[in-house]
Amino acid sequence: MGVFTYVTGDIHGSIDIGKLTPERWPEGQKLRRCDYLLICGDFGLVWNEDPPIEDRFFLGWLNDQPWTTVFIDGNHENHDLLNSFEVTEWHGGKVHVVPGYPNLIHLMRGQVFDMGWNGTWFTMGGAWTRDSSWRIPGDGWWPAELPSDEEYDEARRNLDAVGWSVDYVITHECPRSRRRFAMYDWYCEEFDPADKLSIFLDEVDERIDHKRLKRWYSGHYHSDLTLGDDQHVMLYRQIIPLGDLPH
């Protein structure tokens with residue numbers, strides 16, 4: 001029997017974690033520790049160095065589920081705390097294992113993971129918070145929500161090493177050229193300033209081997225839909241098998 005992966009969008013800590021309960025996602029109870037739930041950013045449970053009771057409860061609850069949870073970071077994370085964790089190697093890429101919760105694994109930015117049965121994954125977390133100018137750094141918002149130059153360089157090196165050919169791309173933000181589909185009901189290019197990450201993701205979209213690419217999954221925009229074609233998928237509430245489309 002192979003290893004199975006399901007993928008979903010943001011959980012925002014305790015806010016949207018209810019979609020993972022057996023009542024709303026009974027399929028999860030059939031999974032095993034070697035199977036994965038992949039969250040496309042805004043994990044949100046690594047928020048305080050000394051987590052409050054509610055966060056500790058949900059970290060423990062998620063850690064004790066039958067599957068292993070893997071996630072990329074979104075913009076709504078405590079990036080300083082996340083990046084203070086020990087860096088280890090996992091399936092050929094760099095990760096943070098959440099201390100005290102061995103079944104919660106952060107897939108770091110710019111990495112390529114060889115997941116065997118589940119193909120190869122390129123991961124690039126982060127996104128721009130549009131109202132960041134109104135927020136207090138280090139108090140609910142962290143400048144490291146956007147990748148550093150070093151992380152972009154590492155991403156390009158890792159993609160160069162595999163000839164820009166992977167089975168899946170996992171991001172929180174989508175390419176800038178796809179944002180008109182992500183924000184289909186209120187998009188206006190005049191009010192969509194370019195940010196370095198979405199422009200970099202445009203570069204990835206242009207250079208990636210689309211003949212091999214099965215899906216590009218992203219989150220961030222709180223909808224479940226495709227972004228102009230069947231390769232680019234945005235998820236929020238739905239939890240679907242890796243390789244599938246929203247229904």
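1. Buried here means a relative accessible area under 20%, exposed means over 50%, and partly exposed lies in between, with a 1.4 Å probe and protein chains only. On that scale Trp-164 is buried, because its relative accessible area is 5%. The model is a predicted one, in which local features need pLDDT of at least 70 and side-chain atom pairs count only at pLDDT 80 or more, while totals for chains, interfaces and linings use all residues. Residues are numbered from 1 along each chain as its sequence is written, and side-chain values use heavy atoms, with hydrogens and water left out.

2. Trp-164 sits in the loop between α3 and β11, where helices (H or I, at least four residues) and strands (E, at least two) are DSSP runs numbered from the N terminus. Its phi is near 55°, a positive value in a residue other than glycine. Most residues other than glycine have a negative phi. His-220, in the loop between β12 and β13, likewise has a positive phi, near 80°, and counts as buried because its relative accessibility is 15%.

3. β7 and β8 are antiparallel and share 4 bridges, and Asp-114 has Thr-120 of β8 as its bridge partner.

4. β11 runs parallel to β8 (residues 120-124), with 4 bridges between them, and Tyr-168 stands opposite Trp-121. β11 is also parallel to β12 (residues 215-218), through 3 bridges, and there Ile-170 stands opposite Tyr-217.

5. Trp-117 is in the loop between β7 and β8 and is exposed, with a relative accessible area of 62%. Leaving aside residues up to four places away in sequence, Trp-117 touches Gly-2, Val-3 and Phe-4, contact being heavy atoms within 4.5 Å. Trp-117 and Val-3 are 114 residues apart in sequence, yet their C-alpha atoms are 6.3 Å apart.

6. A further open sheet has 7 strands in the order β4-β5-β6-β3-β2-β1-β15, again with mixed pairing. β4 (87-90) and β15 (240-241) stand at its edges, each with a single partner strand, so one side of each has no neighbour in the sheet. Strands β1 (residues 5-8) and β2 (residues 36-40) are parallel and joined by 4 bridges, with Thr-8 opposite Ile-39.

7. In helix α1 (residues 53-63), the buried residues include Asp-55, Phe-58, Leu-59 and Leu-62. The cover over the buried residues of α1 includes β3 (68-72) and β6 (104-107).

8. The largest pocket has a volume of about 180 Å³, and of its 14 lining residues Asn-75, His-76, Trp-128, Arg-130 and His-220 lie nearest its centre. On a 1 Å grid over the protein atoms alone, a pocket is an open set of points with protein on both sides within 12 Å along at least five of seven lines, whereas a cavity is a set where a 1.4 Å probe fits but cannot get out; lining residues have an atom within 4 Å of a point. Grid points are joined across faces, edges and corners, and a volume is the space filled by probe spheres set on the points.

9. The second largest pocket holds about 150 Å³, and its lining includes His-12, Trp-47, Glu-54, Asp-55 and His-76. The largest cavity has about 40 Å³ of space and is lined by residues including Asp-73, His-79, His-106, Arg-109 and Glu-151.

Conventions:
Pairing = 2+ DSSP bridges.
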